[in-house]
Amino acid sequence: MWKPASRRPSGPAGPRAAAAAVTCLLLTGLLLVSVGHPSSGALQDPPAAAAAAAASASSGKVFSAYFRRLSRDRRSINGPLRGSVPPAPVEDLSPTDLFLAVKTTGRYHRERLELLLDTWISRNMQQTYVFTDGEDEELRKRMGSRLINTNCSAAHNRQALSCKMALEYNTFINTGKKWFCHVDDDNYLNVDSLLKLLSQYSHTQDVYIGRPSLERPIEATERLGTNEMKQVRFWFATGGAGFCLSRGLALKMKPWASDGAFMATAEHIRLPDDCTVGYIIEALLGVSLIRSALFHSHLENLGLVSDIHNQVTLSYGTVENRRNTVNLKGPFSVPEDPTRFRSVHCLLHKETPWCPQ
């Protein structure tokens, strides 16, 4: 079994590894193909997306077709997704058992993060840690020590994302909390629903739960030596929908994730943060992803999401220049609440002072 060495791998890992990396980056929001957020203005491909498109026009066609299927809700995930009716709890959990990590970047502090601070984070401030890439005096006043300036690059690439995930993991390990849950800055997290879901499992067991964004396991190339390669296949939960790890499993990840090892592992497999988490858990530790239909990213047709009360995460975005949000008739109009997060929050927490009575 591969373990990180002190020497950092270098050089290309071959076309299969490159294809896996492009696939993973596309589906984690790195190389956006006709996907964005309603508050972002005109859609523009980042430089990495432009380079990928120039390198492979056929790849662009494949993903364009993929997003068309999403908008028609024809995509399915192999194997059964867990339903929304939970069995009896295995252990009692409270919000204090949770470590909630939110990944963001400086340019989204006002555009996205303030919305989360006004909604779900406001009810879970003590459990929520925001991982960003720069100092923000105003945000520091609201978050205190739970605002973590990672000093990682503000770029949206494999290295920068893995740098932040490494800090998320290390911070969680040091807290001693039972559950590590990661979300992005475009996710609404329903903590009550999350607690119901996680209470079905023991935090001492190996639990990796979330939602994959692919219809099949990802294929990548593992470097075993200077000239030796091995093909690996594994599922991963997309960070864009959020995912959770039990403490028991997180501790087993230490050889590949703690004290800088996560960055080395990401470089070894040439994949970004959420794919690297899946690689460590499924390919190296042999623990299977538990797929849950209660996690949602902007890569699916959010207008078809129902039973808002029981969902764990929601998101927002645009698919093929069309607004992609949950379909909710709330107290705020679409212009007032384009993400529908404020309306969702008032549906779940009517006692919130700013919610219309």
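Me: Which residues is Ile280 in contact with, leaving aside its neighbours within four places in sequence?
Reply: In this predicted model, Ile280 is in contact with Met253, Trp256, Ala257, Phe262, Thr265 and Leu285. Each of these counts as a contact because heavy atoms of the two residues come within 4.5 Å. Ile280 itself is found in helix H11.

Me: Why is Ile280 called buried?
Reply: Let's set the value against the cut-off. Buried means under 20% relative accessible area. Ile280 has 0% relative accessibility, so Ile280 counts as buried.

Me: What is the separation of the C-alpha atoms of Ile280 and Ala266?
Reply: They are separated by 9.5 Å, and the two residues are 14 residues apart along the chain.

Me: What makes H10 and H11 roughly perpendicular rather than roughly parallel?
Reply: Helix H10 (residues 261–269) and helix H11 (residues 273–284) pack at an angle of about 90 degrees. Angles of 65 to 115 degrees count as roughly perpendicular. The pair is therefore roughly perpendicular. Their axes lie 10 Å apart.

Me: Which residues make that contact?
Reply: From H10 come Phe262, Thr265, Ala266, His268 and Ile269, while H11 brings Asp273, Thr276, Val277, Tyr279 and Ile280. Sorted by class, this contact has six nonpolar, three polar and one charged residues.

Me: How do you know whether Ser162 is buried or exposed?
Reply: The cut-off for buried is under 20% relative accessible area. Ser162 has a relative accessible area of 1%, so Ser162 is buried. Ser162 sits in helix H6. Leaving aside neighbours within four places in sequence, its contacts are Phe262, Met263, Ala266, Leu271, Pro272 and Asp273.

Me: Why do S4 and S11 stand at the edges of the sheet?
Reply: Start with the strand order. Seven strands form an open sheet, running S4-S3-S2-S5-S10-S7-S11, and the pairing is mixed. Strand S4 (147–149) and strand S11 (290–291) each have a single partner strand, so one side of each has no neighbour in the sheet. Helix H6 (residues 158–175) packs on this sheet and touches S2, S3, S5 and S10. The direction of H6 makes about 165 degrees with that of S2.

Me: How do you know that S7 and S10 count as a pair?
Reply: Two strands pair if there are at least two bridges between them. Strand S7 (residues 208–210) and strand S10 (residues 243–246) have three bridges, in the antiparallel sense. Three meets the cut-off of at least two, so the two strands count as paired. As a detail, Tyr208 stands opposite Leu245 in S10.

Me: What makes a set of residues a nonpolar core, and how many residues has the largest one?
Reply: The members must be buried residues of the listed nonpolar kinds, joined through side-chain atoms within 4.5 Å. The largest nonpolar core has 44 residues, and those with the most contacts inside it are Trp120, Leu194, Leu198 and Ile209. Helix H7 (191–198) gives the most to this core, with five residues. Apart from this core lies another, of 38 residues, among them Ile148, Leu214, Ile218 and Trp235.

Me: What does Ile209 touch, not counting residues up to four places away in sequence?
Reply: Ile209 touches Leu197, Leu198, Tyr201, Phe243, Cys244, Leu289, Ile290, Ser292 and Phe295.

Me: And how many helices and strands are there in the chain?
Reply: The chain has 12 helices and 14 strands. Of its 357 residues, 56% count as buried.

Conventions: Residues are numbered from 1 along each chain as its sequence is written. This is a predicted model: local features need pLDDT of at least 70, side-chain atom pairs count only at pLDDT 80 or more; totals for chains, interfaces and linings use all residues. Side-chain values use heavy atoms; hydrogens and water are left out. Axes are lines fitted to C-alpha atoms, for helices over the stretch in contact, and angles run from 0 to 180 degrees between N-to-C directions. Helices (H or I, at least four residues) and strands (E, at least two) are DSSP runs, numbered from the N terminus. Angles under 35 degrees count as roughly parallel, over 145 as roughly antiparallel, 65 to 115 as roughly perpendicular and the rest as oblique. Ala, Val, Leu, Ile, Met, Phe, Trp, Tyr, Cys and Pro count as nonpolar, Asp, Glu, Lys and Arg as charged, and the others, Gly among them, as polar. Buried means under 20% relative accessible area, exposed over 50%, partly exposed in between (1.4 Å probe, protein chains only).
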